[in-house]
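Visitor: I would like to learn how to read the contacts in a model like this one. Could you take me through it feature by feature?

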Amino acid sequence: RCVSDLHVDDPQNRRWVHGLPERLDDVLMVAGDISDRLDLARDALRVLKRKYREVLCVPGNHDLWLGRDERGATNSMEK
């Protein structure tokens, strides 16, 4: 399975991710744009990892943006 552009910054999208059924025999590829907020991206990946056997992720441009509240990261690669 593959999904992209989750944009969990939007509460409706975040509810969709949390509401996905478990597919513990499947692998999920997340092809970028989970969130520009690291805390929301981490939460989404943790939720997905509980629902799938494996979760692979390739960051998209939104995932690499540095927001005003990103602590400690001086560039996108550190984030």
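**Salt bridges, a buried aspartate and a core**

Guide: By the rule that a side-chain nitrogen of Lys or Arg lies within 4 Å of a carboxyl oxygen of Asp or Glu, the count comes to two salt bridges. This is a predicted model, in which local features need pLDDT of at least 70 and side-chain atom pairs count only at pLDDT 80 or more, while totals for chains, interfaces and linings use all residues. Residues are numbered from 1 along each chain as its sequence is written, and side-chain values use heavy atoms, with hydrogens and water left out.

Visitor: Which side chain does arginine 1 meet in a salt bridge?

Guide: Its partner is aspartate 26, with N to O at 2.7 Å. Helices (H or I, at least four residues) and strands (E, at least two) are DSSP runs, numbered from the N terminus. Arginine 1 lies in the segment before β1 (2–3) and aspartate 26 in strand β2, so the pair ties together parts that are 25 residues apart in sequence.

Visitor: Is arginine 1 buried or exposed?

Guide: Buried means under 20% relative accessible area, exposed over 50%, and partly exposed in between, using a 1.4 Å probe and protein chains only. Arginine 1, at 53%, therefore counts as exposed, whereas aspartate 26, at 24%, is partly exposed.

Visitor: Which residue does arginine 37 pair with?

Guide: Arginine 37 forms a salt bridge with aspartate 39, and the closest N and O atoms are 2.7 Å apart. Arginine 37 is partly exposed at 33% relative accessible area, and aspartate 39 counts as partly exposed at 43%.

Visitor: What does the side chain of aspartate 63 reach?

Guide: A polar contact is a pair of N or O atoms within 3.5 Å; within protein, one must be able to donate a hydrogen and the other to accept it, and residues adjacent in sequence count only if both atoms are side-chain atoms. The side chain of aspartate 63 reaches the backbone nitrogen of aspartate 33 at 2.7 Å and that of serine 35 at 3.0 Å. Aspartate 63 lies in helix α3 (residues 61–64) and, at 11% relative accessibility, counts as buried.

Visitor: Which residues touch the most other members of the largest nonpolar core?

Guide: A nonpolar core is a set of buried Ala, Val, Leu, Ile, Met, Phe, Trp, Tyr and Cys residues joined through side-chain atoms within 4.5 Å. Of the 15 residues in the largest one, Leu6, Val8, Val17, Leu28, Val30, Ile34 and Leu48 touch the most other members. The elements β2 (23–30), α2 (38–51) and β3 (52–57) each supply at least two residues, and the largest share, five residues, comes from α2.
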